[in-house]
Every structure is written in structure tokens, then in C-alpha cells.
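Me: I am new to this structure. Could you walk me through how to read the ligand and its surroundings?

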Amino acid sequence: QPTAWLAGKRVLVSAGGTRERLDPVRYLTNDSSGKMGTALANVAAAAGAAVTLVTTASQPVLPNVKVQAVATAAELAAAMQTEYAAADIVIMAAAVADFRPAQSADHKLKKATPTAGMTLELVANPDILAGLGQTKTHQYLAGFAAETDDLIQNATAKLAKKGADLIVANEVGHGRGFNAPDNAAVLLRPHRAPVTLAMQPKVELAAAILRAIAQDLEGR
Ligand code: C5P
């Protein structure tokens, strides 16, 4: 394979878990480290693509990766929507929080009664990937599905629901997936048999995912 196998392609990747603010010192988040998304960005850049990485994480990136730092789902959505039109390959690897606090206080929340519990009101965040799927023009759109059970069935449903060309399905929990150095995955595409990628370092898994995408684009 030639070294610049993604030359001329513009790749947009999101990475990391979003942080949803409660107050100036507290937030809700998840176990995502941003390693998988950052690996995708780095491999794409090494393969000659022009890469933009929208990320909540601070994993090391190659010098030619354009980084946009974000924290919340709303910021991530805005950055993805701005960059979307100019991208050929879009990969939503970020773990977007499904909910955010209904209110974000501008002062540190106080304990009303030290012994009492408290109820936190949450509102739903929009599904960024599904939104990109609805406004897709020429882009190849990929998402991830992290599942603890019924991997193939749950992830296949997401292909149609999100309007994606590819769902990378992986099992999470009990040390797998989130924040681990290695990962295994199943590639799901419309009208195609699932392709299993064995457990391997995330950089190698990223290369396998991008090679599959490059092959799909060649066939278009
Ligand atoms: O529905 P679920 O969260 O399992 O879907 C995961 C995929 O959808 C990932 O690609 C993730 O980046 C994306 N997602 C999103 N916006 C959300 C939730 C998930 O773009 N609010």
C-alpha cells in the first residue's frame, strides 16, 4: 500500500468524553480517554489526509493534526457542524453525554442541609451523529457503538437510526473499550456482512478502520 493512501481526503474526527458542567468546579462525564479518536486522527494524518480533531482530551497528536479543544456536548456539536461541509470522512468517536444538568450554576453549589440528599435535574443532549446523518451530502459518516450486551443487534440498529455509513461496534465494561490501550471491534455497514477486527492496540485498530473506509470510498 502507498504511504499516502488518504492523500487529498479531509478527515474530521471527534474524540473523548464530554464534560457537562454543574458549577465552576464540578461536572458530569464518562470513562472515555479520547485514545481511539486521537489514534484515528493520527493514523489519517500519517496517511496523508488533512485532519481536524475535535476533542475533549489532551492525547498527543501529530503536528499536522488541527486540534479544536471542546468540553461540552454543545461545544462539540457546534464544532462538528462548522467543519462538516468541508469534510470527506467524518468519524464520531467521542463519547457524548446523553444528558446535561438542566442548570449550570455560576457559583459553587452549596449543601443545603449536610445530611439531606439532593436531586439533580438533567435534560437530553441532541444526538450529534444523527444530526450529521440527516444533513449528509457527500460525506462518509462513521460512528461508534459501545455496548455491554447484544453487541451486533444493538449496533446494527444504530446504522439506520443515525444515518451512518459505518458503525464501529465494540464491547465495553470490565476493563474493555473505554480508556484501555487495546480494543477489538466489529465493522457494520448497510447491506454488508459484519467484519470482525481482533483485539489489538488502538493505533492498529484505527488503521484497520480507516483502510476499510478508504476501500468503501474507492468503490463509490
Ligand atoms: O446512541 P449511542 O450513544 O450508543 O451512539 C453512539 C454514537 O453516537 C457515537 O458515534 C457517538 O459519538 C454518537 N453520539 C452523538 N451524540 C450523542 C450521543 C452519541 O453524536 N448525544
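Me: By class, how many nonpolar, polar and charged residues does the shell around the ligand have?

Reply: Keep in mind that this is a predicted model. Sort the shell by residue class. Here the shell has seven nonpolar residues, one polar and four charged. Among the residues surrounding the ligand are Met92, Ala94, Val96, Gly143 and Lys158.

Me: Which elements give two or more residues to that shell?

Reply: Look at the pocket, then at its elements. The ligand takes up the space of the largest pocket. The elements giving two or more residues to the shell are helix H3 (128-134), strand E9 (140-147) and helix H4 (151-162). Asp127, also in the shell, sits in the loop between strand E8 (122-124) and H3.

Me: Which residues does the UniProt annotation "binding site" cover?

Reply: Check the record, then compare with the model. The unreviewed UniProt entry marks Asp98, Lys108, Pro126, Asp127, Ile128, Leu129, Phe144, Lys158 and Lys162 as "binding site". They span 65 residues in sequence, and the farthest two C-alpha atoms are 38.2 Å apart, so they do not all gather at one spot. From this set, the lining of the largest pocket takes in Asp98, Pro126, Asp127, Ile128, Leu129, Phe144, Lys158 and Lys162.

Notes
Residues are numbered from 1 along each chain as its sequence is written. This is a predicted model: local features need pLDDT of at least 70, side-chain atom pairs count only at pLDDT 80 or more; totals for chains, interfaces and linings use all residues. Side-chain values use heavy atoms; hydrogens and water are left out. A residue is near a molecule or strand if one of its heavy atoms lies within 4 Å of it. On a 1 Å grid over the protein atoms alone, a cavity is a set of points where a 1.4 Å probe fits but cannot get out, and a pocket is an open set with protein on both sides within 12 Å along at least five of seven lines; lining residues have an atom within 4 Å of a point. A molecule sits in a cavity or pocket if more than half of its atoms lie within 2 Å of its grid points. Helices (H or I, at least four residues) and strands (E, at least two) are DSSP runs, numbered from the N terminus. Ala, Val, Leu, Ile, Met, Phe, Trp, Tyr, Cys and Pro count as nonpolar, Asp, Glu, Lys and Arg as charged, and the others, Gly among them, as polar. UniProt positions are given in the numbering used here, feature names are shortened, and annotations may be inferred rather than shown by experiment.
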